[in-house]
Amino acid sequence: MSSMTEEEFFHFCQENKQLRIERNYSGQIIIMSPTNSKTSLLNSRLNFLLNTWNYQHKKGFVFDSNGGFTLPDSSVFAPDVAWVSLKKWQALTEEEKEKFAPICPEFVVELRSKTDVLKTLKEKMVQWIDNGVLLAWLIDPAQKKTHVYRQDGSIEIVEGFDQTLSGEKVLEGFELDLAELIAE
């Protein structure tokens, strides 16, 4: 079977809006189940906190897990949270903004739910970095660990949710108190 063109893939996704769909660099379509309610709650919190920072600084735009991006390797991924700088977003045409924008966010967060395979998520984080993401967080609430991926190839593991993550130079001034992700 030949892989779909970008236009065909976009229309496939529009015709199947009830599904969460991504496509990897080899054209393989990945259909994911909806997140559980707890993961949705935490995603919402993450989006709120990043949007609050972004509203104050007005340096870019925040996207939720419904927004797909066409990456340089032709993957189409929709991270749980993404941030794109003003400059990058404004360089797109209106038509590009209405589809899976052909840009790589500068920052992404993937939040692991209990059904996610950690190895698969780690591979996805490397793909994000390989495609141009500057800073990426893989947050695992069950293990209370965060894997911080950086453009230089380094990966830091932050143990415990009594820690604070920094947006570093990518999101200067943004900090995430991981305790915000404890939903009891």
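Trainee: Leaving aside neighbours within four places in sequence, which residues is Leu50 in contact with?

Mentor: Contact means heavy atoms within 4.5 Å. By that test, and with those neighbours set aside, Leu50 is in contact with Val62, Val81, Ala82, Trp83, Phe107, Leu171 and Phe174. Two notes before we go on. This is a predicted model, where local features need pLDDT of at least 70, side-chain atom pairs count only at pLDDT 80 or more, and totals for chains, interfaces and linings use all residues. Residues are numbered from 1 along each chain as its sequence is written, and side-chain values use heavy atoms, with hydrogens and water left out.

Trainee: How do I read a nonpolar core, and which residues of the largest one touch the most other members?

Mentor: A nonpolar core is a set of buried Ala, Val, Leu, Ile, Met, Phe, Trp, Tyr and Cys residues joined through side-chain atoms within 4.5 Å. Buried means under 20% relative accessible area, exposed means over 50%, and partly exposed lies in between (1.4 Å probe, protein chains only). The largest core here has 23 residues, and Leu50, Trp137, Ile139 and Leu176 touch the most other members.

Trainee: Which elements give two or more residues to this core?

Mentor: Elements are DSSP runs, numbered from the N terminus: helices are H or I with at least four residues, strands are E with at least two. Those giving two or more residues to this core are α2 (37-57), β6 (81-85), β7 (107-111) and β8 (135-140). The most comes from α2, with 4 residues. There is also a second, separate core of 21 residues, which includes Val108, Leu121, Ile129 and Leu138.

Trainee: Now the whole chain. How many helices and strands are there?

Mentor: The protein chain has 5 helices and 12 strands.

Trainee: What does the radius of gyration say about the protein chain?

Mentor: The radius is taken over C-alpha atoms, and the globule rule is 2.2 Å times the number of residues to the power 0.38. For 184 residues, a compact globule would have a radius of gyration near 16 Å; the chain has 16 Å, which agrees. Along the principal axes, the C-alpha atoms fill a box of roughly 45 × 35 × 30 Å. Buried residues make up 45% of the 184 residues.

Trainee: What share of the contacts with a separation of 6 or more joins residues 24 or more positions apart?

Mentor: Such pairs account for 49% of those contacts in the protein chain.

Trainee: And surface and charge: how far apart are the mean positions of the positive and negative charges?

Mentor: Surface first. Accessible areas come from the Shrake-Rupley method with a 1.4 Å probe; for residues, only the protein chains shown count as cover. The accessible surface of the protein chain is about 10000 Å², of which 51% belongs to carbon and sulfur atoms. For charge, Lys and Arg count as positive and Asp and Glu as negative, with His and the chain ends not counted. Each charge is placed at NZ of Lys, CZ of Arg, CG of Asp or CD of Glu. The mean positions of the 20 positive and 28 negative charges are 3 Å apart.

Trainee: Where are Gly132 and Val133?

Mentor: Gly132 is in the loop between α5 and β8, and Val133 also lies between α5 and β8. Gly132 is partly exposed, with a relative accessible area of 25%. Val133 is buried, at 0%. Beyond four places in sequence, Gly132 is in contact with Cys104, Pro105 and Gln151. With that exclusion, Val133 touches Cys104, Pro105, Glu106, Phe107, Val108, Trp128 and Gln151. The C-alpha atoms of Gly132 and Pro72 are 60 residues apart along the chain and separated by 8.3 Å.

Trainee: What is the phi of Lys58, and of Lys144?

Mentor: Phi of Lys58 is near 50°, a positive value in a residue other than glycine. Lys58 lies in the loop between α2 and β3 (60-64). For Lys144, phi is also near 50°. Lys144 sits in the loop between β8 and β9 (145-150) and counts as partly exposed, at 35% relative accessibility.
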